[in-house]
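Biologist: I have the model open and want to go through a few spots with you. Can we start with what you count as a contact?

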Amino acid sequence: MRLLSVVGARPNFMKIAPIVEELKRFPEIEHYLVHSGQHYDESLSASFFADLDLPQPDVNLDVGSGSHAVQTAEVMKRIEPVLLEHKPDLLLVVGDVNSTLAAALAAVKLGIRIAHIEAGLRSFDRTMPEEINRKLTDAISDLLFVTEQSGVENLRREGVDAERIFLVGNVMIDSLCRHRKMAERSPILDRLDLRQSANGCRPYGILTLHRPSNVDDRAVLQNILNAVKKLASEFPIFFPVHPRTQKNIERFGLTGYLDGIASSKGIVPHDPLGYLDFLSLNQSARIVLTDSGGIQEETTVLGVPCLTLRENTERPATIEHGTNQIVGVDPDRILAAGQAILHNPLPLYRRPPLWDGKTAPRIVAIIREHFRKPLAA
Ligand code: UD1
């Protein structure tokens with residue numbers, strides 16, 4: 001059996017790593033790893049390969065940045081000859097980035113079967129590029145591996161056969177469970193002088209922002225930074241800044257908001273962090289404010305209060321079970337929700353079902369079974 005996986009952007013790497021690891025147990029399965037090159041900066045790509053112990057990709061398509069159409073088209077053009085050369089029995093794609101959809105679209109036209117890991121999530125917000133990528137990828141995939149019950153319901157509502165849908169849990173949490181101990185050895189807490197004692201840290205928060213709807217509009221970005229700066233009046237909020245966000249903060253003249261001091265208060269900017277450093281910082285944070293999907297899931301499992309700076313989430317399990325709250329981008333609402341977290345005991349939380357660190361073995365078992373007994377085309 002020959003599998004070919006495609007990854008492209010930062011949130012893909014921690015989703016494929018546990019699958020690559022699990023596949024090592026089955027030497028009869030040949031596996032090729034293709035990197036589209038959508039993310040190419042060391043801090044968004046190579047450092048994740050190192051932290052996650054991922055092998056170098058067999059092929060890098062080097063597509064780089066571009067408009068959605070250009071990036072998607074470039075991945076399709078460049079992956080087609082790779083698919084023709086390797087003729088995989090199954091293409092594995094993860095998540096919802098442009099590379100996910102592009103690879104799936106090229107494969108389906110060549111008659112190659114597709115497995116989508118993290119299928120079925122829906123924000124019901126068609127202005128999000130990821131929502132379009134998710135829906136289209138699901139529509140052309142043969143095996144749909146789902147992280148949470150809402151995903152099963154969304155796919156059933158869209159008319160997908162039950163026999164193609166597998167509720168398996170969350171591969172991102174496999175990576176988290178596997179690397180949690182290792183992350184404790186990251187030097188980041190000492191480097192930022194956050195440790196108070198061997199077991200405790202002084203209070204700090206984390207901010208991450210990269211969604212175009214939050215960072216491409218000056219007024220929205222300014223409102224968010226304004227609210228977060230007020231929240232950070234008594235403790236520092238560390239802000240690893242995504243390159244897209246960095247460019248916009250400079251272009252909009254908002255660098256003045258990032259004048260915090262690590263040892264006391266304010267928004268403290270930082271270069272993007274690697275996987276282990278971010279996990280370490282995340283584990284001991286008092287509060288996380290984010291527009292990322294994956295961080296909503298990671299804080300849920302770590303029990304760290306999370307405010308999602310969006311009007312919706314495609315990951316409702318993080319609210320039903322976890323520590324996540326949707327607060328949108330209204331500054332008063334962000335500030336009120338943040339202060340409520342700081343002045344109240346930590347919320348009770350549970351892990352969503354099957355977020356147990358054993359999702360990759362379930363996925364690989366289903367794939368192996370599928371090749372013994374394929375579904376009807
Ligand atoms: C992409 C994904 C998003 C994911 C995010 C994680 C899509 C549609 N979006 O968004 O779902 O949550 O990755 O980071 O696929 N850039 C660099 N260095 C890089 C890559 C990008 O500086 O290595 C800059 C470029 O200016 C580029 C911009 O960031 O134009 C945006 O990159 P892009 O890959 O288009 O989207 P992200 O915002 O990273």
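Modeller: Contact means heavy atoms within 4.5 Å. This is a predicted model, where local features need pLDDT of at least 70, side-chain atom pairs count only at pLDDT 80 or more, and totals for chains, interfaces and linings use all residues. Residues are numbered from 1 along each chain as its sequence is written, and side-chain values use heavy atoms, with hydrogens and water left out.

Biologist: Fine. Which residues is Ser141 in contact with, leaving aside neighbours within four places in sequence?

Modeller: Ile114 and His116, once those neighbours are set aside.

Biologist: And where is Ser141 found?

Modeller: Ser141 is in the loop between helix 5 and strand 6. Helices (H or I, at least four residues) and strands (E, at least two) are DSSP runs, numbered from the N terminus.

Biologist: Is Ser141 buried or exposed?

Modeller: Ser141 is buried, because its relative accessible area is 7%. Buried means under 20% relative accessible area, exposed over 50%, and partly exposed in between (1.4 Å probe, protein chains only).

Biologist: What lies 2.7 Å from a polar atom of the Ser141 side chain?

Modeller: The backbone oxygen of Thr137. That is a polar contact, a pair of N or O atoms within 3.5 Å; within protein, one must be able to donate a hydrogen and the other to accept it, and residues adjacent in sequence count only if both atoms are side-chain atoms.

Biologist: Next, helix 6. Which of its residues are buried?

Modeller: Helix 6 covers residues 149-157, and its buried residues are Ser150, Gly151, Val152, Asn154 and Leu155. Their cover includes strand 5 (113-119), helix 5 (129-140), strand 6 (143-146) and strand 7 (165-167).

Biologist: Take Ser150. Which side chain does it join in a polar contact?

Modeller: The side chain of Glu148, at 2.9 Å. Ser150 counts as buried because its relative accessible area is 15%. Not counting residues up to four places away in sequence, Ser150 touches Gly120 and Pro316.

Biologist: What happens just after helix 6?

Modeller: Gly159 has a positive phi of about 90 degrees there.

Biologist: Which residues other than glycine have a positive phi?

Modeller: Asp53 is one of them, with phi near 60 degrees. Leu354 is another, with phi near 75 degrees. Most residues other than glycine have a negative phi.

Biologist: Where do Asp53 and Leu354 lie?

Modeller: Asp53 is in the loop between helix 2 (46-51) and strand 3 (59-60), and Asp53 counts as exposed because its relative accessibility is 53%. Leu354 lies in the loop between helix 15 (331-343) and helix 16 (359-372), and with 31% relative accessibility Leu354 is partly exposed.

Biologist: Now the ligand. How many residues surround it?

Modeller: 20 residues do, and the closest are His39, Asn98, Glu130, His210 and Lys247. A residue is near a molecule if one of its heavy atoms lies within 4 Å of it.

Biologist: Which helix gives the most to that shell?

Modeller: Helix 11, with 3 residues. Helix 1 (10-23), helix 3 (68-86), helix 5 and helix 11 (243-251) each supply at least two.

Biologist: Which polar atoms are 2.8 Å from a ligand oxygen?

Modeller: A polar backbone atom of Tyr40 is at 2.8 Å from an oxygen atom of the ligand. A polar backbone atom of Asn98 is also 2.8 Å from a ligand oxygen. For His210, an N or O atom in the side chain is 2.8 Å from an oxygen atom of the ligand.

Biologist: How much of the ligand does the protein bury?

Modeller: The ligand taken alone exposes 740 Å², and the protein buries 88% of that. These areas come from the Shrake-Rupley method with a 1.4 Å probe.
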